[in-house]
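Please consult the sequence and the coordinates shown below while reading.

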Amino acid sequence: MATNLALDDQLIEQARVLGRHRTKKAAVTEALEEYVERRRQLEILGLFNTIEYDSGYDYKGQRKQP
């Protein structure tokens, strides 16, 4: 999908050099992938302390079963 965006050329060049990308497209693609991955991680972190556990659950007993 072709998209025209007005992006900061200096910022893209810095990303391209730091990431050792040959093209601007590669730098932008990796930046977007990292952004999406980070947002997904934040969603997972939001789940902590939201799951109720059975305090009587014997996980060691489960390990002993064949």
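In which loop does R20 lie? R20 belongs to the loop between α1 and α2. The model in which this residue is described is a predicted one.

**Overall architecture**

The protein contains three helices and zero strands, and its elements follow the pattern α-α-α along the sequence. Its radius of gyration is 22 Å, well over the 11 Å that the globule rule gives for 66 residues, so the protein is more spread out than a compact globule. The C-alpha trace spans about 60 × 25 × 25 Å along the principal axes. Of the 66 residues, 5% are buried.

**The ends of helix α1**

Helix α1 covers residues 9-18, and D8 caps its N-terminal end. In this cap, a side-chain oxygen of D8 lies 3.0 Å from the backbone nitrogen of Q10. Beyond the other end, α1 is followed by R20, whose phi is positive, near 55°. R20 adopts this positive phi although it is not a glycine.

**Packing of α1 against α2**

How are the axes of α1 and α2 arranged, in angle and in distance? Helix α2 comprises residues 24-45, and it packs with α1 at an angle of about 85°, the axes being 9 Å apart. Because angles of 65 to 115 degrees count as roughly perpendicular, α1 and α2 are roughly perpendicular to each other. On the α1 side the contact is made by D9, I12, A15 and R16, and on the α2 side by K24, A27 and V28. The residues of this contact divide into four nonpolar, no polar and three charged.

**The loop between α1 and α2**

Like R20, H21 is found in the loop between α1 and α2. The relative accessibilities of these two residues are tabulated here.

| Residue | Relative accessibility | Class |
|---|---|---|
| R20 | 77% | exposed |
| H21 | 13% | buried |

The classes follow from the cut-offs, because buried means under 20% relative accessible area and exposed means over 50%. R20 is therefore exposed at 77%, whereas H21 is buried at 13%.

Which residues does H21 contact, leaving aside its neighbours within four places in sequence? They are A15, R16, A26, A27 and E30. Among them, A15 and R16 also take part in the contact of α1 with α2 from the α1 side, and A27 takes part in it from the α2 side.

Notes. Residues numbered from 1 in each chain as written. Predicted model: local features only at pLDDT ≥ 70, side-chain atom pairs only at ≥ 80, totals over all residues. Heavy atoms only, no water. Polar contact = N/O pair within 3.5 Å; in protein donor to acceptor, adjacent residues only side chain to side chain. Helix = DSSP H or I, 4+ residues; strand = E, 2+ residues; numbered from the N terminus. Axes fitted to C-alpha atoms, helices over the stretch in contact; angles between N-to-C directions. Parallel < 35°, antiparallel > 145°, perpendicular 65-115°, else oblique. Contact = heavy atoms within 4.5 Å. Nonpolar A, V, L, I, M, F, W, Y, C, P; charged D, E, K, R; others polar. Rg over C-alpha atoms; globule rule 2.2 N^0.38 Å. Buried < 20%, exposed > 50% of the residue type's maximum accessible area, 1.4 Å probe, protein only.
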